[in-house]
Amino acid sequence: MTLELLLDKVLIKPIKEKQEEAKDGLVLPDTTTTSDFLFGEIVTVSDGDPFSYGPEGAVHGPLPVDEGDKVYFIDTPRSKITIENEEYYLVGLERIVAKVK
C-alpha cells in the first residue's frame, strides 16, 4: 500500500520507550510514567500545508520535520491506523510537540 499524505499530515511509527529500572532493581511499567505524549519515528511526511500563513501571507512550504526524525506527539482517538499488520499514527503537525535532536 502506498500513501500520499495531504496537507500537514505525518505518518509516525511508535517506538516503545525503554522501561525504567528503579534503584532497587524493580522494572517500572509504562503505566507509572506521567507523560501524556507518545514517542515515535516519522516514516512519511506530506509536501506541506498549502493553507499555512507566514509573515508574507499564504505559504506552501516543507514541514519542519523530516522522515527519520524522532518526535513526541499527542495521540487522538482516530489517529491510529494499521498498514500491513504494523501500527502507525497519522497526525497533523499541530499534534507534534517536540523533535529529538
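Rings of Phe, Tyr and Trp (its six-membered ring) are taken as paired if their centres lie within 6.5 Å, with planes under 30 degrees apart counted as stacked, over 60 as edge-to-face and the rest as tilted. By this criterion the structure holds 2 aromatic pairs. In one of them, the ring centres of Phe-39 and Tyr-72 are 4.8 Å apart and the planes stand at 45°, so the pair is tilted. The pair links distant parts of the chain, 33 residues apart, with Phe-39 in strand β4 (residues 38-45) and Tyr-72 in strand β7 (residues 70-73). Strands (E, at least two residues) are DSSP runs, numbered from the N terminus.

The model is predicted: local features need pLDDT of at least 70, side-chain atom pairs count only at pLDDT 80 or more, and totals for chains, interfaces and linings use all residues. Residues are numbered from 1 along each chain as its sequence is written, and side-chain values use heavy atoms, with hydrogens and water left out.

Relative accessible area was computed with a 1.4 Å probe on protein chains only; buried means under 20%, exposed over 50%, and partly exposed in between. Phe-39 counts as buried at 15%, whereas Tyr-72 is partly exposed at 25%.

Two strands pair if DSSP finds at least two bridges between them. An open sheet is formed by 6 strands in the order β8-β9-β1-β4-β7-β10, with antiparallel pairing. At the edges stand β8 (80-83) and β10 (96-100), each with a single partner strand, so one side of each has no neighbour in the sheet. From one strand to the next the twist averages 45°; axes are lines fitted to C-alpha atoms, and angles run from 0 to 180 degrees between N-to-C directions. The antiparallel pairing of β7 and β10 comprises 4 bridges, and Ala-98 in β10 is the bridge partner of Tyr-72.

Gly-92 lies in strand β9 (residues 86-92) and is buried, with a relative accessible area of 6%. The C-alpha atoms of Gly-92 and Phe-73 are separated by 9.7 Å, the two residues being 19 residues apart along the chain. Apart from neighbours within four places in sequence, Gly-92 is in contact (heavy atoms within 4.5 Å) with Asp-8 and Lys-9.

Asp-8 is located in the segment before β1 (9-14) and counts as buried at 12% relative accessibility. The side chain of Asp-8 makes a polar contact with the side chain of Lys-9 at 3.2 Å. Such a contact is a pair of N or O atoms within 3.5 Å; within protein, one must be able to donate a hydrogen and the other to accept it, and residues adjacent in sequence count only if both atoms are side-chain atoms.
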